[in-house]
Amino acid sequence: MDELELEFELHPRLEADTLIMGDFPLCRVLLMNDSHFPWFILVPRRAGVSEIYHLSEEDQIQLLKESSVLSQVLADSFSARKMNVAALGNVVHQLHVHHVVRYEDDVAWPAPIWGVIDANPYSDEEVESIRQRIHTLLEGEMSFVPF
């Protein structure tokens, strides 16, 4: 474990708005607590990083691999019409990459999801169901460690 990982702390906004699903070798896997969309976020466990180019070349490649695995698993499992994958950081400067499963009948289609409708938190049962589903799907993928 390097110093940047030891100093890593999840941004308070991400901590408040998400649920931890587990860790890939580089990134923490979060579920946005909004049942309108299957919406996951990868956060590299590196302190002080706000842009992809701030990561080492090795970490950049690892982020792409983890993002691709997560995107494919989500697209297949949730029957996505489209996967929206983006690193914005206008509000939360800590580097984080959104992975949003989109459908033609979702409340925001085809526009971006932000600001369209207030979040609708998952029930405890829904969270547990998604947690089990994600853990099963990511088991054996890139040394995923479930939480």
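Modeller: Let us begin with a definition: a salt bridge is a side-chain nitrogen of Lys or Arg within 4 Å of a carboxyl oxygen of Asp or Glu. A search of the whole structure finds seven salt bridges. The model is predicted, so that local features need pLDDT of at least 70 and side-chain atom pairs count only at pLDDT 80 or more, while totals for chains, interfaces and linings use all residues. Residues are numbered from 1 along each chain as its sequence is written, and side-chain values use heavy atoms, with hydrogens and water left out.

Colleague: How many helices and strands does the chain have?

Modeller: Helices (H or I, at least four residues) and strands (E, at least two) are DSSP runs, numbered from the N terminus. The chain has four helices and six strands, and from the N terminus on their order is α-α-β-β-β-α-β-β-α-β.

Colleague: Which residue forms a salt bridge with Arg-13?

Modeller: The partner of Arg-13 is Asp-17, with 2.9 Å between the closest N and O atoms. Both residues belong to helix 2 (residues 12-17) and are four residues apart, about one turn of the helix. To describe their surroundings, one calls a residue buried under 20% relative accessible area, exposed over 50%, and partly exposed in between (1.4 Å probe, protein chains only). Arg-13 is partly exposed because its relative accessible area is 45%; Asp-17, at 26%, is partly exposed as well.

Colleague: Are Arg-46 and Asp-59, which meet in a salt bridge, buried or exposed?

Modeller: Their side chains meet at 2.8 Å, N to O. This pair links distant parts of the chain, 13 residues apart: Arg-46 is in the loop between strand 3 (39-44) and helix 3 (57-77), and Asp-59 is in helix 3. Arg-46 counts as buried because its relative accessibility is 10%, and Asp-59 is buried, also with a relative accessible area of 10%.

Colleague: Where do Glu-128 and Arg-131 lie?

Modeller: Glu-128 and Arg-131 both lie in helix 4 (residues 124-138), three residues apart. The closest N and O atoms of their salt bridge are 4.0 Å apart. Glu-128 is partly exposed at 37% relative accessibility, whereas Arg-131 is buried at 17%. Elsewhere, salt bridges that share partners join Asp-23, Arg-28 and Arg-45 into one network.

Colleague: What joins the side chains of His-96 and His-98?

Modeller: A polar contact is a pair of N or O atoms within 3.5 Å; within protein, one must be able to donate a hydrogen and the other to accept it, and residues adjacent in sequence count only if both atoms are side-chain atoms. Such a contact, of 3.2 Å, joins these two side chains. A polar atom of the His-96 side chain also lies 2.6 Å from the backbone oxygen of Gln-94. His-96 is found in the loop between strand 4 (82-86) and strand 5 (97-102), and is buried because its relative accessible area is 5%.

Colleague: Which residues is His-96 in contact with, leaving aside its neighbours within four places in sequence?

Modeller: Contact means heavy atoms within 4.5 Å. For His-96, the residues are Leu-14, Ile-41, Leu-42, Val-43, Ala-86, Ala-87, Leu-88 and Gly-89.

Colleague: What share of the 147 residues of the chain counts as buried?

Modeller: The share is 44%. Along its principal axes, the C-alpha trace spans about 45 × 35 × 25 Å.
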